[in-house]
Every structure is written in structure tokens, then in C-alpha cells.
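Please report on the local geometry of this model.

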Amino acid sequence: CKLPRTRVDQISKQEYVDTMRDLWCTVFGLRHTYKTIVGSGVVRGVSGGERKRVSLVEALGMSASIYCWDNATLGLDASSALEFAQAIRTATNMTNTTAIICVYQAGQKIYDLMDKVSVLYNGQQIYYGPADEACEYFINMGFIKPNRMTSAEFLTSVTLDFENKNLDCLPGYEATIPKNVDDFIAYWKASPQYQAALESF
């Protein structure tokens, strides 16, 4: 359904399909799986990591502009989850597309692959911008990021109710640090990062 009407060198539909299949399967290391069924929890097939990559190649075959991945790393070990995130990063770089990813318990290496991050608190956005600036944004509010904590863990901890937070606050910030979602939204909307986010659209 997504075959281009005009194809390079007037190649046939089947040649186009085969070429694109071979391209993506080469990029994601799946060429050895051509004669293997995908499988399921009951039927043995390709490995868990390969199954995720098959899903990625299947989606990329649609030639969309935006891809959304909700909890795509569920059930994968840390190594396979990173491999999958790297595959998505490679795909967005190659096709100049956008991938929106929701990843639970993302490791630091997965987080570092992201360009931007959106932090939600009770369904409300309290930060959107460059992923490598997100922690600094909340540290400037007065939160202390422990050295042992990954960026994703820190951003998640910030969104816990104030009395449940396991984060310390910098001396002198006790009275001004946001304590609920309304405080965070007010801080966000008054920030230069918020203006930069609006201008980026």
C-alpha cells in the first residue's frame, strides 16, 4: 500500500519490495532470519531482541514521518533494550524521521540516545526540551541529583509527591522548590526553556 507510484529506474514493485526488505534487514541484522517464523510466547521463532527488530523493520516499511513506540522494551534484558533503542536511533538518522518513545526504567545509555525529553507530572507537562539539559533544569530548581542515579530515574523522582520524594533539596531552596504539580507548571511556564519549546514548534 505504501509503494511509491514512481520508482527509481522504473524498477518493478517486487524489486522495490525486495530491495527495501534487504536494506532494512541488513541494517538491523535480520537477513539470517528470512526463513524463520517470528514466533510467539508459545511457538518458537526468532529471539526476543530479533522479534523487536522485526517489528521495527515492519514499521519502517511504512515510510511514515512519525513513529510512536509505547513500552517497546518490555520483556527485554538491558542489553537487548539498548540494542533496540540504538536501532530506532539509527532508523531516525537514516530516514530523517521522528520517533516518540515511552521507555520504562530507561538506562543511562538509552537516555543518552534521545534528542528531547518530555517530563509529565500527573499528566501535566513540566518540562520539554533537550534531553541533555533536563537534569540541569531541575537541579536549578533546587533538587540534588545523587551521583548513583541515572537521568531517567532523577526525572521520575522529581515527579513524585513532595512528601514521597527521595531527593534532597539544596540549602536555601526549601521555601521556593516546587511542591506540587501547580508549582511545577507555574515554574515551567515562566522559564526560558518553555519559551524555547514554544519557538521550536
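## Positive phi in loops

Gln105 lies in the loop between S2 and H4. Helices (H or I, at least four residues) and strands (E, at least two) are DSSP runs, numbered from the N terminus. Phi of Gln105 is positive, near 55°, and the residue is not a glycine. Gln105 is exposed, with a relative accessible area of 83%. Here buried means under 20% relative accessible area, exposed means over 50%, and partly exposed lies in between (1.4 Å probe, protein chains only).

Asp9 is another non-glycine residue with positive phi, about 60°. Asp9 sits in the segment before H1. Its relative accessibility is 70%, so Asp9 counts as exposed.

## Basis of the values

This is a predicted model: local features need pLDDT of at least 70, side-chain atom pairs count only at pLDDT 80 or more, and totals for chains, interfaces and linings use all residues. Residues are numbered from 1 along each chain as its sequence is written, and side-chain values use heavy atoms, with hydrogens and water left out.

## Salt bridges

A salt bridge is a side-chain nitrogen of Lys or Arg within 4 Å of a carboxyl oxygen of Asp or Glu. The count by this rule is 4 salt bridges. Asp18, Arg21 and Asp22 form a linked network of them. In the Arg21 to Asp18 bridge, the closest N and O atoms are 3.6 Å apart. In the Arg21 to Asp22 bridge, the closest N and O atoms are 3.0 Å apart. Arg21 and Asp18 both belong to helix H1 (residues 13-27). They are 3 residues apart, about one turn of the helix. Arg21 has 36% relative accessibility and therefore counts as partly exposed. Asp18 is also partly exposed, with a relative accessible area of 25%.

Asp115 and Arg89 form a further bridge, 3.1 Å from N to O. This pair links distant parts of the chain, 26 residues apart. Asp115 is in the loop between helix H4 (108-111) and strand S3 (116-121), while Arg89 is in helix H3 (residues 78-95). Asp115 is exposed, at a relative accessible area of 53%.

## Helix H3

H3 has 18 residues. Its first and last C-alpha atoms are 26 Å apart, close to the 26 Å expected at 1.5 Å a residue. The expected span is 1.5 Å times one less than the number of residues. At the start of H3, a side-chain oxygen of Asp77 comes to within 3.1 Å of the backbone nitrogen of Ser79. At the other end, H3 is followed by Asn96, with a positive phi near 55°.

The buried residues of H3 include Leu82, Phe84, Ile88 and Thr92. Others among them are Ala85, Ala87 and Ala91. The buried residues of H3 pack against helix H2 (48-60), strand S1 (66-70), strand S2 (98-102) and H4. Contact means heavy atoms within 4.5 Å.

## Nonpolar core

A nonpolar core is a set of buried Ala, Val, Leu, Ile, Met, Phe, Trp, Tyr and Cys residues joined through side-chain atoms within 4.5 Å. The largest has 46 residues. Phe28, Phe138, Phe143, Phe154 and Leu155 touch the most other members. H3 gives the most to this core, with 7 residues.

What does Phe28 touch, leaving aside its neighbours within four places in sequence? Its contacts are Arg53, Leu56, Val57, Leu60, Ala87 and Ala91.

S3 and strand S4 (residues 124-130) run antiparallel and are joined by 6 bridges. Two strands pair if DSSP finds at least two bridges between them. Leu120 has Gln125 of S4 as its bridge partner. The hairpin has 2 residues between the strands, and Asn122 takes a positive phi near 50° there.

## Ser200 in H8

Ser200 lies in helix H8 (residues 192-200). It is partly exposed, with a relative accessible area of 40%. A polar atom of the Ser200 side chain lies 2.7 Å from the backbone oxygen of Ala197. A polar contact is a pair of N or O atoms within 3.5 Å; within protein, one must be able to donate a hydrogen and the other to accept it, and residues adjacent in sequence count only if both atoms are side-chain atoms.

Ser200 touches Lys116 and Tyr128, not counting residues up to four places away in sequence. Ser200 and Gly129 are 71 residues apart in sequence, yet 9.2 Å apart in space, C-alpha to C-alpha.
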